[in-house]
Structure formats: C-alpha cells, structure tokens
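Me: I am new to this structure and would like to go through it in questions and answers. Please show it first.

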Amino acid sequence: MRLIVILAALLGMADAARTVPPGPSSRVDAAQPPAFFWRSACGYCHDREPFAPALLGRHAAVELTTHVVRTGAPGMPPFHASEISDSELEDLARWIAASKPSRERQ
Amino acid sequence: MIRPPNVTAPAFDAFLAESAAAVGAAWVKIHDEDVHPYGRVMVPFEDDVHMPSAAVCPQSLDEVRAVVAAAQAHSVPLWPTSTGRNMGYGSSAVAVRGTVVLDMRRMNRITDFDPELGTVVVEPGVTYQALHDFLEAGGHDFWIDFPGPGPLVSPMGNTLERGHGMTPYGDHFANSCGYEILLADGTLFRTGLGGISNTTSWQANRHGIGPSLDGIFTQSNFGIVTKMGLWLMPAPPAHKTVLAHWPNRDDIVKLVDVIRSLRVDGTIANEGVLGNATIFLAAAKRRSAVFAGSGALPPDLALTEMRAVGLGAWNYVFSLYGRPDRVESDWLAAQRRLEDSGATLIPDVRDGTQINELTLKSFALFNWVGGNGLAWFAPVAPARGRDVKRQFDLAESILSKYDLDFMTGSQFGTREVLNVIPLIYDRRTPGRIDQVRVCFNELIDAFGRAGYGFYRTGIGFMDRVAALQGTAREDVNHRLKRALDPKGILAPGKSGIW
C-alpha cells in the first residue's frame, strides 16, 4: 500500500486520491480519470511483478487491456460497465499503454 | 439467448422492455459479451450451468422498484448483487440458470455519516475503497474492516454474506445496524429504529421493539437490501501485530485452546488468521516452483519450506489494539500464554488487513496453480482444539484423494473457528471441474455426518449444505419465503431457500 501511495504521488495522482468529497458522497455516473481506476483497482496487483503482470511501461495494447478488463483473466475478476464505462475503460487502456515503467517513477 | 425457466419469450421481452424504460436501454445487458462475464465462476461448475440471461443495472431505489415491479408482473427471477464479486462462492453468477442479475453497482452513494457515533449508511455499490477514501478525504479518524478482496468489493455485499475481516470489527454482520429493504411486492421498510418518523437512532440500535429482523435478510432471498448502516472502528492510538508459530502439525490442539482463551477473555480483540504451512507457502510461491510430483503437495514439503524462512506448521497472525499501555499489557499476557503453548513469537510484523490498509495480496493464492479455480469450503468448528484437529484431518484426508492441497486460513471468533479452506484448482485441466465438484460434495457430506455445519457456501452447493440443518428449519425458511416473496422472484435457490 505504501508503495502505491508513493507511486500515486509521483504520478500526480494526489488529486485523484481525493475524488470523494467530504460529507455523504456520490460518484453516480461521474466520469473518473484513469488514475482513479489505477489507484483503486488495477494498481493493487499490476503495479509490479511477481504478483501479477506489471503493466506500466509495457505499451500494452489498448484492445487487449479493454478485453481482459471486461472478461477477466485467471485470478482477475471481470469489471463491468456498471463500474467502469466503455469510455472510462478506453481512457484507462490508453493511459496504461502510454505509461512509463514503475521503476522509472520511483 | 438464455431465458429464465418457465418464462415465455413474450413475457421476458416485456420484462426487458419495462426494465429498459426504468433504467435506460444501455443498462439492460442482454448481449453475450456483456452477460457472460457475470456468469464467469471460479467454483467447480462450467460457466454455462449458472449463467444469467441478462443483467439490469439500476442507479436508484426508484429504478430498483420499477425493475422489481416488472419482474413481479412477468414472473422473472432476479439475482440481486452489490458489487457482485463473491469470488470462490459464485461471483455474480446465479443459482438457477437464466435468472436475471440485478447489478446495483451504480448505486454507490454514502448517504449518511455520523462522526460522533462513527456510523455510515451505504448503498449496495459502495466499495471498501470508496468508504476508505471518503473517511480519509474528510480526515475522519475511523478504520474500516474488510475481507480479502477489500478494495473491489462492497461492505453491503460482504455483510449480507456475513463475511469476516481482520480487525476487532471483523464480524461484519455484528457491526451493521439498520437496513432499508425492498420486498418483492414493492413494500419498502427499515429495520431497527429506522421506521420512526425523523428517526434519530437508526444506526445506534439494531433492534427496536419486536423481532430483530436484520438477520433474516442476510444469506437469504426474502428482500433486497438497498441501504445499510455500518459501525466504524475508532482508529486505535496504538496497535501491534504479532505472528505466532508452532513447529509441529500435532500442535494444533493446544494452540487452538490457548488462542480461544485469549479471545474469550478479550486479550486478543481481533479474529486474526491461522494458516497452515501450505497456505503461507501458496501466498509466496507458485506450486510448480516447489513440487513437480503427482498428487497433493506433501505436507512435510511445505513445512520444510516454511522452516527455511523461520515459520512453522501453524502460523497465527493477530493484533492488539488500544492505548499504548493496554497494548503492552495485552502483549505481555499473550506472549506468556502463547509461549507456554510452545509458540515462537515474531512481534511487530505487518499485515495491512489488520490495520486499515487496503490490499489485494490475498489474490496471490490464485497464482498457486493458476487456472482460476477456487471454491471456499467453510465449516464452523467449535473453538476446541480437538474439533479443529478433527476437521483438518477429515478435510485433508478427502482433499488428498482428489490431489488437492490442504490449506486453511482459519479465523477465530470467541467460541467458534471458521475454517476457511480453499480448494484451488486449474479449470483448464480436462475433467478437473467435475472432480473438484465431487470432492466438495464429499466434504459437505462427511462434515455433516461428523456433526458440523457451515458459515457460508456458494452456488451449486447451497441445497446440500442447507439440508444438513434439518427439514424443520428448511420448512421455516420456506414459509418465510412464501410470506414475503410468494412468486419466488428474488434469488431463487439462495442458501437453499426456494
């Protein structure tokens, strides 16, 4: 977790880490940026190996990422449109494809 | 296209059209590429056996009401889910093929927060991550308690499954208070004191006058819980996480008895987790890296691996919480009694799950063999050493017949131990799904004959497990179901209730 916090800060995700406003909250259908999903889901496993394939800096194909997110993979549940919309997923996949390796960000 | 059983094509089309009018056509999922992921399971069945016909994704209570009304009108069964993970128990898949998933992820508001009492009210789609973020963003000094897949799953879903976590608030049902529930006929009501006009105490008292109803809506299909109150743990001023390990497999009897005494008298305030050598090994390595033979992993091999890294046959991770002087006092008491039982203690280890740090490290288990097969076998043992040993011996003897490795991540209540035993297998191996299913059924039957029941089970096994609890209890559940959902549209087959 500490690693992810550090990574998030280095990636300029500090704002994304505070997307939930103080007080009773809602993100009903409010579009979220890729960093939000990376921090709250993907990054827990895909920040670096050997836990799961590290994705940052690997230029992962956008189509592959969107397919795996929607259908799942061994050890990874599928993520439905009700939790990440098609456009959010497309943005996330492009963000991952364009990312730099984790190590360079440390 | 799959249809729910006994529902005509025109009736199903009418249901889908009315649902689309309520939630928007984009949120009624009927195409295979959208629906099949809901039916993707880790439990030992082919996906198609428990495949839903569609998924409907409401965003509000009003939308849920409209979908339920459509389901009533056309006798279409719904399978309500919050975040729908429930990995190793059936994920989002349905007990009866063709049931429509009611996916409530889009209902993701935290609708109330009381910083004085330390309570929140959440909708089904709120995740532990969202709740954690909410508290952190507001600078609220409370902890949350979450299960293994914490960031991705919901407090409501896990609580309704009566899941457990790793802090003193680890019994999630016991730390929930006040539900809003929609019945199949459209009746909306609140449990506890939530029905009082201008209620002041919905999240303060679980019961009010009369029967305490929260429990009958957990692991059940009597209604749809649309809001839930939760109690939050005040962040403790100090905490200390400890790993106690015992060298020999035969130490299980004495170690259970000493842990029970420390739990019952309150020295150890959290359930903690007791793992055998194999589950600790699986969290760190792949099976193929340590064993190339056939059959189940030899227990001595796992123990040798654990001893090489300074651990034992049994490894118990627990935490102490409170004022610094209390933590120190509890540590000294726990240390003495655990060491007297033959334990070696490693103080000040780190386990994020016990100190409010969200993690998905438990997913490492999926790497053990690969292949996405997981079924949790979860018997309850009384917290007596001899019973826990009997359960472990019985489980291991059956698992080994099917070349499955015996692992346990046992959680200590006070007078119960939840022996959460994962059956990890490769779904890609021809015939393996069937073998594991046969094994699981054999385990259920053997434990039932030995006088044990279960804390939780997954789709495909619910009837068998529920039957162990006797026909009279099944009949009472059935009568409640007939009274509250006479057409049986809500989650048919959930927990063996029809």
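Reply: Two residues are in contact if their C-beta atoms, placed from the backbone, lie within 7 Å. The model is predicted: local features need pLDDT of at least 70, side-chain atom pairs count only at pLDDT 80 or more, and totals for chains, interfaces and linings use all residues. Residues are numbered from 1 along each chain as its sequence is written, while chains are lettered from A and ligands numbered from 1 in the order in which they are written.

Me: Which residues does B:Leu423 touch, not counting residues up to four places away in sequence?

Reply: B:Leu423 lies in strand S19 (residues 416-426) of chain B; strands (E, at least two residues) and helices (H or I, at least four) are DSSP runs, numbered from the N terminus. With residues up to four places away left out, the partners of B:Leu423 are B:Ala375, B:Phe377, B:Leu404, B:Val436, B:Cys439 and B:Phe440.

Me: Is B:Leu423 buried or exposed?

Reply: A residue is buried if 20 or more other C-beta atoms lie within 10 Å of its own, exposed if 12 or fewer, and partly exposed in between, with C-beta atoms placed from the backbone. Because 25 other C-beta atoms lie within 10 Å, B:Leu423 is buried.

Me: Which residue of S18(B) is the bridge partner of B:Gly275?

Reply: B:Gly275 is in strand S13 (residues 273-276) of chain B, where B:Val273 and B:Gly275 on one side and B:Leu274 and B:Asn276 on the other are all buried. Two strands pair if DSSP finds at least two bridges between them. S13(B) is joined to strand S18 (residues 409-412) of chain B by two bridges, and these strands run antiparallel. The partner of B:Gly275 in S18(B) is B:Gly409.

Me: Which residue in S14(B) stands opposite B:Asn276?

Reply: S13(B) also pairs with strand S14 (residues 314-322) of chain B, in the antiparallel sense and over four bridges. There, opposite B:Asn276, stands B:Trp314.

Me: Which strands stand at the edges of the open sheet of five strands in chain B?

Reply: The order of this sheet in chain B is S5-S6-S10-S8-S9, with antiparallel pairing. An edge strand has a single partner strand, so one side of it is left without a neighbour in the sheet; here these are strand S5 (110-114) and strand S9 (188-190) of chain B.

Me: Which residue in S4(B) is the bridge partner of B:Leu78?

Reply: B:Leu78 and B:Pro80 point one way from strand S3 (residues 78-81) of chain B, B:Trp79 and B:Thr81 point the other way, and all are buried. S3(B) pairs with strand S4 (residues 100-103) of chain B in the parallel sense, over four bridges. In S4(B), the partner of B:Leu78 is B:Val100.

Me: What distance separates the centres of domain 2 and domain 3 of chain B?

Reply: Chain B is divided into domain 1 (9-105), domain 2 (110-234) and domain 3 (238-449), with bounds from an automatic or database domain assignment. Taken over C-alpha atoms, the centres of domain 2 and domain 3 of chain B are separated by 28 Å.

Me: How many residues does chain B give to the contact with chain A?

Reply: Chain A gives 25 residues to this contact, and the number from chain B is 36.
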